[in-house]
Amino acid sequence: MEPTVKLDVRGLEHPEPLERSVEVLKNMQRNDLFKLVIHRMPQPLLMIADRHGIGYLVCEKETDEWHIWFSKEKGVLNSTLCGGMDVQ
């Protein structure tokens with residue numbers, strides 16, 4: 001499944017990854033699928049998603065690479081999106 005929005009924030013300095021990601025979350029429509037590629041586990045972003053009823057799936061590719069999928073339709077988030085990566 002292809003994401004509606006893909007954002008790669010690896011290597012950006014704090015707080016830019018969070019700011020860019022929150023902006024996408026704010027503008028998500030019901031059927032959007034947002035894929036974030038980031039260099040660390042973004043705990044504050046996951047808490048924000050929880051507060052706004054946005055589901056997420058965390059896939060760990062390597063120690064410094066995470067692929068996180070977000071959707072308002074939680075039924076679309078399943079381990080096949082991780083494509084063989086470790087599901088957190």
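Tutor: What follows begins with the whole chain, turns to the core, and ends with the loops.

This is a predicted model, in which local features need pLDDT of at least 70 and side-chain atom pairs count only at pLDDT 80 or more, while totals for chains, interfaces and linings use all residues. Residues are numbered from 1 along each chain as its sequence is written, and side-chain values use heavy atoms, with hydrogens and water left out.

The chain holds two helices and five strands, where helices (H or I, at least four residues) and strands (E, at least two) are DSSP runs numbered from the N terminus. Read along the sequence, these elements follow the pattern β-α-β-α-β-β-β. The C-alpha trace spans about 30 × 30 × 20 Å along its principal axes. The radius of gyration of the chain is 12 Å, which agrees with the value near 12 Å for a compact globule of 88 residues; this radius is taken over C-alpha atoms, and the globule rule is 2.2 Å times the number of residues to the power 0.38.

Of the 88 residues, 42% count as buried, where buried means under 20% relative accessible area, exposed over 50%, and partly exposed in between, with a 1.4 Å probe and protein chains only. A nonpolar core, in turn, is a set of buried Ala, Val, Leu, Ile, Met, Phe, Trp, Tyr and Cys residues joined through side-chain atoms within 4.5 Å.

The largest such core has 18 residues, and Leu-25, Phe-34, Leu-36, Ile-68 and Phe-70 touch the most other members. At least two residues of this core come from each of α1 (16-26), β2 (33-38), α2 (43-51) and β4 (65-71), and the largest share, four residues, is supplied by α2. A second, separate core of eight residues includes Leu-57, Trp-69, Leu-77 and Leu-81.

Ile-68 deserves a look of its own. Leaving aside residues up to four places away in sequence, Ile-68 touches Phe-34, Lys-35, Leu-36, Ile-38, Pro-42, Leu-46, Tyr-56, Leu-57 and Val-58, a contact being heavy atoms within 4.5 Å. Across the chain, 59% of the contacts between residues at least 6 apart in sequence join residues at least 24 apart.

Now for the loops. Lys-74 lies in the loop between β4 and β5 (86-87), and with residues up to four places away not counted, Lys-74 touches Gly-53, Ile-54 and Gly-55. Between Lys-74 and Asp-86, twelve residues apart in sequence, the C-alpha to C-alpha distance is 19 Å. Gly-83 is also placed in the loop between β4 and β5, and Gly-83 counts as exposed because its relative accessibility is 66%. Finally, Pro-15 sits in the loop between β1 (5-8) and α1, and a cis peptide bond with omega of about 5 degrees joins His-14 and Pro-15. In general, most peptide bonds are trans.
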